[in-house]
Amino acid sequence: MSASSRLSLALESGEVTLPEAGRIAVFAPREGMDLSALPADLCHVITTFKPDRDHFAGQGFACGKEPDGRYAAAVVCLPRAKALGQALVAEAVSVTDGPVIVDGAKTDGVESILKGCRKRAEVSPALSKAHGKLFHFTAQTGFEDWARGAPKEIGGGFVTVPGIFSADGIDPASALLADNLPEKLGARVADLGGGWGYLSARALERESIRELHLVEADFAALDCARQNILDSRAHLHWEDATRWRPDEPMDTVITNPPFHTGRAPDPSLGLDFIRAAARVLSPRGQLFLVANRHLPYESEMARQFGEVREVGGDNRFKLLHGQRPVRRPG
């Protein structure tokens, strides 16, 4: 039973009752989650993750990056990061006049969120199914300390917000890649999955770069990148990096691709980034990629590039360099 099945079961059994009228905010549902138990015409899907936004917009749901007005009820789909989960609950409480329904997997910390909610509100008995829990309570004050705070400054003068990748400091894999990039990267560079902008900022130390395109699916991270990169050569895109298409081919792609779906490792994400890089590069273009050493990327690199080699790394990470992307039909 999935998270969406927990929601369906709770609504069908009457354990959770929605107001007869009024909009329903659905915070951070993931692509593939079945929202059919909810009245679609009343739902407002709120997500900062572009692939999820595109998925639910494609199903006809009204979508936005932030709440818009007040809601009669809210559903919070807990993410992997505890601080972000707390912030979503606090945000839901602040804009909702009725029930706040919280659903999450045990691996996403639902037990901790449930315990915290019980200290602040009268919470329903939890519905436990499929390694997760669903519970609800009536929106009320007392969650202000969970609200997402202002961006915080980390090492190097960069700013981040809770819940984004590497929010507490510079990611060591990205630092390794940045430290080993050659001086010549070409005039047009793309940073796929650029996050809050560390790799792009380091690449832009090169005066030879005319334009750099940072492509990031998480709008919260991209918003931090806007504050971290003030260089006019930088162009920021809220897009799924595996689908993004530039107006002109790139000379170089740099990337530290994600390899998790929630808490589950998913190497296919990195493979998609490798294919995407090959598609956006010029015939003489190059890819610089950093990855955990155990991830199986070399064979796909060899399929997508005429020349592939390891150009650095340590016992944790490897730096892979691909040149001359292979052009495939379609």
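Ser-174 is buried, at 9% relative accessibility, where buried means under 20% relative accessible area, exposed over 50% and partly exposed in between (1.4 Å probe, protein chains only). This is a predicted model, in which local features need pLDDT of at least 70 and side-chain atom pairs count only at pLDDT 80 or more, while totals for chains, interfaces and linings use all residues. Residues are numbered from 1 along each chain as its sequence is written, and side-chain values use heavy atoms, with hydrogens and water left out.

Ser-174 belongs to helix 5 (residues 172-180); helices (H or I, at least four residues) and strands (E, at least two) are DSSP runs numbered from the N terminus. Leaving aside residues up to four places away in sequence, Ser-174 is in contact with Tyr-198, Leu-199 and Asn-256, a contact being heavy atoms within 4.5 Å. Ala-28 is 146 residues from Ser-174 along the chain, and their C-alpha atoms are 27 Å apart.

Arg-188 is part of strand 10 (residues 188-192) and is buried at 15% relative accessible area. Its contacts, again without residues up to four places away in sequence, are Arg-210, Glu-211, Glu-248, Pro-249, Met-250, Asp-251 and Thr-252.

Strand 10 is also among the elements that cover the buried residues of helix 8, together with strand 13 (250-255), strand 16 (281-292), helix 9 (298-304), strand 17 (305-313) and strand 18 (317-325). The buried residues of helix 8 include Gly-270, Leu-271, Phe-273 and Ile-274. Helix 8 (residues 268-280) has 13 residues and reaches 19 Å from first to last C-alpha, close to the expected 18 Å; the expected span is 1.5 Å times one less than the number of residues.

The structure holds zero disulfides, a disulfide being a pair of cysteine sulfur atoms within 2.5 Å.

| Cysteine | Nearest cysteine sulfur | Distance |
|---|---|---|
| Cys-77 | Cys-43 | 10 Å |
| Cys-117 | Cys-77 | 14 Å |

Cys-77 is buried at 7% relative accessibility, and Cys-117 is buried at 0% relative accessible area.

For the protein overall, the secondary structure comes to nine helices and 18 strands. Of its 330 residues, 52% count as buried. The C-alpha trace spans about 60 × 40 × 40 Å along its principal axes.
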